[in-house]
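Open the model in your viewer and keep the selection panel at hand. Each stop below says what to select next.

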Amino acid sequence: MSNKVIYAIYNDDDILMDAVKKTRAAHHHIEEVFTPFPVHGLDKAMGLAPTRLAICAFIYGLCGLSFGTFLMDFVMIQDWPQDIGGKPSFSYIDNMPAFVPIMFEETVFFAAHLMVITFYMRSRLWPFKEAENPDVRTTDDHFLMEVAVNGNEEDLVSFFEGTGAVEVKVIEKH
Amino acid sequence: MYTFSSKLKTFSFVLMAIGFLGIGYGFLSAPKNIQEVEALLAADSHGGHGSESAHEAASSEHASAEAKHDVKADSEHKEHLEHVFHQLSNKPWSALYVACIFFMLLSLGTLAFYAIQQVAQAGWSPVLFRVMQGITAYLPVGSVIFFIILVLCGLHFNHLFIWLDPEVVKHDELIQTKSGFLNFPFWIVRAAVFLTGWNLYRYFSRKNCLAQDESNDNSFYKKNFNYSAGFLVFFIVTESIMSWDWIMSIDPHWFSTLFGWYVFASFFVSGITMICMVTLYLKSRGYLEHVNTSHVHDLAKFMFGISVFWTYLWFSQFMLIWYANIPEEITYFITRIQVYNLPFFGAVVMNFLFPVLILINTDFKRITWVLVMAGIVILLGHYVDFFNMIMPGTVGGSWFIGVPEIASVLFFLGLFIFVVFSALTKAPLLAKRNPFIEESKHFHY
């Protein structure tokens, strides 16, 4: 089986949104959509599942809070409980207000950084990664929808020409 | 147009009646003189009398000094009785004062939120303006009652503000040095100016908003924009001074610089929560056709955000004073931690932990019952917050959330419901010609 794909190229985001809806209605599988900027509502039109990044961030934040608490408890209370300026180092709760700024910052630090790293890993982004642009114009002013070809190629091309595409290309993918 | 449901009206009257009876009971059951307090303390044998028996034990050891000691113990006993007598006779007044200032400031918080929405030209909130105006309709009523209570304080009906008592000031150098600011005429004139200023803005803002409905251009809208900007400047100055006058001066030996902001955060979040609750109620009765879950979601985000802001200020005030531990400042928190432990830390749980964990979820911020639950906890939490600010300075260790406290809250809640929902019937619930009303109707997040 050949792996041919269609590149339908648009130059307006409203036309793209309509085309995505029509394509979904016609039950053609959209492989990917490339846009130069975020198009509001595109993920909903494509039927993508909502992101779970926020849930990750919440869990990372809890990890950070635990780490901050453990760190201050071990260093200031368990390991070497000195009297520093009369601060009560008898138990964690006695001296807790002094540790809150650190607990807070650790929470934010863990939540923010681990979430960003998760984002990079899930979206496969790293330095020296080879760019996956199907058409260089999609970073500037064109929108591209990639659809796998199954069945009649001619019908598919005329379908996408009917959706307002400025260009429809059939490409052999490797 | 909204019609006040007769059920809710009856409910508000019942609340007021129960509250009124409870307040009356509170005043009647407060001890009239020292003898009553003595009997009360004697009956409560495990209370303050432990120290008395300790005194007796000590004096019997030193037989020679016995007579002397007895005199001393006696005078201490008398002083203690007088102290407790003042606390107990303050109790019904403080209960009334806390509930009264809470509901009045809650509607002031709504007014501040409303003014901010006008000045920020928010595109989402104009469908809620009439709801906010309904809530701020309580402000004139609440102001009058509150002002009367302030005048009664000045006429020595109670000892809520010890600096109003010339006998106390005579022996208190700290208060004497503050008497340039803390004296009755100046204090009551300030109160009158603040209350009048806020009520004037509310009156004209609503009038212009209604006039805008009937007009052909946007001149009334622009007027309101200017009034709102002016009000916000006036508000932040007066709010700060108000918090010194009506809350911080309860403890005239203590001061804190971020107190004004702290009080502001407390009633601001209560006001926003009340907007959310009234909106949800009206929506559930089918009166707010253009309000969708996105509007409610926005209100919930504000409830969440300002709750965190309140906690930030609560902690900043507490931690700075705890860390430095300067005797003249720390007493404020020592009383609260030792005598008001549960309300003091309970307020943080109710106003921070609970809303943060509940309202952090986007989906939850659109579910009515979750918001109603969170809203009730936030409102109760901020009542407790005001309780914590005022009670330790007026009733001290004699505090209890009993009949006078609950009755006062019920009375003002009933009055609040009656005034707010009566006001809502007086104008259509949707502003007609607001320049942002179309955007607001189609607001979607």
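Which residues does B:L105 touch, not counting residues up to four places away in sequence? Select B:M242, B:V263, B:F267 and B:F386: B:L105 touches these, with contact meaning heavy atoms within 4.5 Å.

Some ground rules. This is a predicted model, where local features need pLDDT of at least 70, side-chain atom pairs count only at pLDDT 80 or more, and totals for chains, interfaces and linings use all residues. Residues are numbered from 1 along each chain as its sequence is written, chains are lettered from A and ligands numbered from 1 in the order in which they are written, and side-chain values use heavy atoms, with hydrogens and water left out.

**Stop 1: around B:L105**

Stay on B:L105. Its helix is α4 of chain B, residues 66-119; helices are DSSP runs of H or I, at least four residues, numbered from the N terminus. B:L105 has a relative accessible area of 0%, so it is buried (under 20% relative accessible area, 1.4 Å probe, protein chains only).

**Stop 2: the nonpolar core**

Select B:Y97, B:W246 and B:F421. In the largest nonpolar core, of 138 residues, these touch the most other members. Such a core is a set of buried Ala, Val, Leu, Ile, Met, Phe, Trp, Tyr and Cys residues joined through side-chain atoms within 4.5 Å. Helix α4(B) gives the largest share, 19 residues. Zoom in on B:F421: among its contacts are B:Y2, B:F4 and B:V278.

**Stop 3: α14(B) and α15(B)**

Show residues 341-359 and 368-394 of chain B, helices α14 and α15. Their axes, lines fitted to C-alpha atoms over the stretch in contact, come within 9 Å and cross at roughly 155 degrees. The two helices are therefore roughly antiparallel, a label for angles over 145 degrees on a scale from 0 to 180 between N-to-C directions. Residues meeting here include B:F344, B:M350 and B:F354 in α14(B), and B:V377, B:I378 and B:V384 in α15(B).

**Stop 4: α5(B)**

Move to residues 129-136 of chain B, helix α5. Eight of its eight residues are buried, B:R130 and B:Q133 among them.

**Stop 5: B:S440**

Finish in helix α17 of chain B, residues 437-441, where B:S440 sits. B:S440 counts as buried because its relative accessibility is 0%. Show its partners: B:G123, B:W124, B:S125, B:P126, B:V127 and B:H295, leaving out residues up to four places away in sequence.

Technical notes. Buried means under 20% relative accessible area, exposed over 50%, partly exposed in between (1.4 Å probe, protein chains only). Angles under 35 degrees count as roughly parallel, over 145 as roughly antiparallel, 65 to 115 as roughly perpendicular and the rest as oblique.
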